[in-house]
Amino acid sequence: MTENKKPLISIKNLSKHFGEGETRVDALRNINLDIFPEQVIGLLGPSGSGKSTLLNVIGCILEPTRGQIELDGELVYNDRWLRSDLRGLRLEKVGFIFQAHNLMPFLSSMDNVAVVLDLAGYSASAARTRAGELLEYLEVGNRVEAFPGSLSGGEAQRVAIARALANRPRIVLADEPTAALDSERAGIVMDLLRKVAIDQQAAVIVVTHDEKIYDRFDQIFHLRDGILSQT
Amino acid sequence: MNLAYRDVRHNFGRFMVTCFGLSLLLGVVLAMIGIYRGLIADALELVDTIDADIWVVEKGTRGPFAESSRIPRDTRNSVARIFGIKSVGAVTFQSIETESDGKKLRLYVIGYEPGQLGGPKYITEGRGLTGRNFEAVVDSRTGLDIGDHIQLGRNGFTIVGTTVNAVSSGGEPAIYLSLDDAQKLQFDLSPSATRRERARGAVVVNSTDTVSAVIARTSPNASNDNIVKTIERWKHFAAMTEEQQGIILTQSVVEKARKQIGMFTAILILVSAVIIALIIHTMTMDKIREIATLKLIGAPDRVIIGLIVQQALAMGLIGFAMGGLLIFNIQDFFPKRLVLQPMDGLSLAGVVVVICLLSSIYGVYTALKVDPAKALAG
């Protein structure tokens, strides 16, 4: 499957260290990774192993020390950022799903999704139409006007997924998306991520400690002391 | 999508409580400006009401308001003969404390010759003085009505008319008496004082025919400065124009109070600025995670700056409007007059806008420093 397609995420010789001298910590050591469309990848590792650092680097939040990062066919880092507008890059290419869903408490479900489209330049009506479709797709169409405070954990996570997918990103980065959910709801979320990967030809990276979803990944990578290995 | 509006709408109660708190503070600032204006207006009000072009007072004094002045009443005859003088009057001024309905009442007694200059500008109710003794016209702020009696010194007076805009530079409402009555009030000794003076062999003078000032109106084509120079050449008199009298009142009589209130107003504005900055900073800190999330999903800085600045401006302007409305509605309950001028209101609104923008800087700085990775933290 992967041999005919170009990777959506391609990382070569990527390193990141914090501090210098005796205080130097190598968070990522010479990472090489290719992730293709339709793939749902699990990223495991103990606390402090570098998982969040890798996610932040792929999400263009944290600058690596050296290496190359190519996202959706665009070389964005080659020992330095090649784009100055990293937020624009994230808006265009990357969707984020958080452990604590991070919905705006003052926006309705509809507006939480529409805000991304508004930022991307959609008209208000087009943004609401697309947001409504996504919420329907994620089976929370009956909660469009509800505020996050009145949503259940599962509903809030679906709205957060809808927000991550609003601008049709081809790269989805999920940080512990099932940590706060029971087995059944965790399974539903993973099914949704799989559906997104297939329908949008997207690559999904899931950082998790949740053993109950290990069998849902196409590949599982382990990070330990900044070194990536495939299981 | 206006995030500031959505946030305010969602937290409307809390936002309005914050605005109300701010409105009290800005209301106090507005009240202080009103008191400041009121102080100046009160100081000038009597001079404006009397509306004399020339004030003649005792040589070497800046009377009759800044310093005591005493000149013979018949000075007005000499002044009346100067070329360019249209009309003259002789007036006395005196502060007095009396009682009305069992309450202390401070009054500013103005004695004038009925039919001459120096009387009340308008009679709002009743009639003016006709020359008969023991009648008075009072400013409506005294709380006295027509037909009321009031004891001043050894004599009782009947109120026959009311007027407005007649207060001393200290804000005491005026009572107009005939010049003869005012002089008796000023110079007559009490019976016990008379007996004491007689016992010590002093010559008791029951009245003197002196006044605080002689005032004059001039013809339209006359030069007030020349008239002042002419009077200044006389041996025992000083003269000044209405404008000079106004300057003495605002720059001498109420100068310290004016500076005090001005300084207090400046400090209040500074305190308001610090409080607004703290409120905005707290509002920003409350939204740190949302701001980090916005950055993470790609919101440009202008969206985040807009969220903070628009809320700050809304808070400041709503707080100002509420504060203004509050003070406007309770201004009559203040013991001293508040003069609320539209330009002062607009200027304060402008200052509030500037304060909100400046105060937002710290909030914006904090928001722009937020690491988007904070959104990913558990």
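**Cavities, pockets and cores of the predicted model**

Helix α10(B) provides the largest share of the lining of the second largest cavity, namely four residues. Helices and strands are DSSP runs (H or I over at least four residues for helices, E over at least two for strands), numbered from the N terminus. The model is predicted, and local features need pLDDT of at least 70 and side-chain atom pairs count only at pLDDT 80 or more, whereas totals for chains, interfaces and linings use all residues. Residues are numbered from 1 along each chain as its sequence is written, chains are lettered from A and ligands numbered from 1 in the order in which they are written, and side-chain values use heavy atoms, with hydrogens and water left out.

The second largest cavity has a volume of about 40 Å³. A cavity is a set of points, on a 1 Å grid over the protein atoms alone, where a 1.4 Å probe fits but cannot get out; a pocket is an open set with protein on both sides within 12 Å along at least five of seven lines; and lining residues have an atom within 4 Å of a point. Grid points are joined across faces, edges and corners, and a volume is the space filled by probe spheres set on the points. The lining of the second largest cavity consists of B:I280, B:M283, B:T284, B:K287, B:L307, B:I308, B:Q311 and B:A312. Five lining residues are nonpolar, two polar and one charged. In this classification Ala, Val, Leu, Ile, Met, Phe, Trp, Tyr, Cys and Pro count as nonpolar, Asp, Glu, Lys and Arg as charged, and the others, Gly among them, as polar.

B:Q311, one of the lining residues of this cavity, is part of helix α10 of chain B. B:Q311 counts as buried because its relative accessibility is 3%; buried means under 20% relative accessible area, exposed over 50%, and partly exposed in between (1.4 Å probe, protein chains only). With residues up to four places away in sequence left out, B:Q311 touches B:A4, B:D7, B:V8, B:F15, B:M283, B:K287 and B:G306. Contact here means heavy atoms within 4.5 Å.

B:M283 and B:K287 also belong to the residues nearest the centre of the second largest pocket, together with B:D7, B:N11 and B:R14; the pocket has 16 lining residues. Its elements with two or more lining residues are α1 (3-10), α2 and α8 of chain B, and α8(B) gives the largest share, four residues. The volume of this pocket is about 250 Å³. Its lining has six nonpolar, five polar and five charged residues.

The largest pocket has a volume of about 350 Å³. Its lining comprises 14 residues, of which B:R141, B:G171, B:P335, B:K336 and B:R337 are the closest to the centre. The class composition is five nonpolar, three polar and six charged. Domain 1 (3-43 + 256-375) and domain 2 (49-252) of chain B each supply at least three lining residues; domain bounds come from an automatic or database domain assignment. The centres of these two domains, taken over C-alpha atoms, are 47 Å apart. Six residues of domain 1 are in contact with eight residues of domain 2.

Three cavities of 30 Å³ or more are present in the structure. The largest cavity, of about 90 Å³, is lined by residues of both chains, including A:R90, A:F96, A:R163, A:N167, B:L296 and B:I297. Elements with two or more residues in this lining are α2 (86-93), β6 (94-97) and α5 (153-165) of chain A, and β6(A) gives the most, three residues. Eight of the lining residues are nonpolar, two polar and two charged.

B:L296 is also among the buried residues of α9(B). In this helix (residues 288-296), eight of nine residues are buried. Just after α9(B), B:G298 adopts a positive phi of about 105°.

A nonpolar core is a set of buried Ala, Val, Leu, Ile, Met, Phe, Trp, Tyr and Cys residues joined through side-chain atoms within 4.5 Å. The largest such core has 153 residues, and those that touch the most other members are A:I9, A:I31, A:L54, A:L71, B:W55, B:F93 and B:M315. Helix α2 (residues 12-50) of chain B contributes the largest share, 14 residues. The core lies between domain 1 and domain 2 of chain B, because both give residues to it. The contacts of A:I9 include A:L33, A:I58, A:L71, A:I171 and A:I205, with residues up to four places away in sequence not counted. A second, separate core has 18 residues, among them B:I82, B:V211, B:A216 and B:I231.
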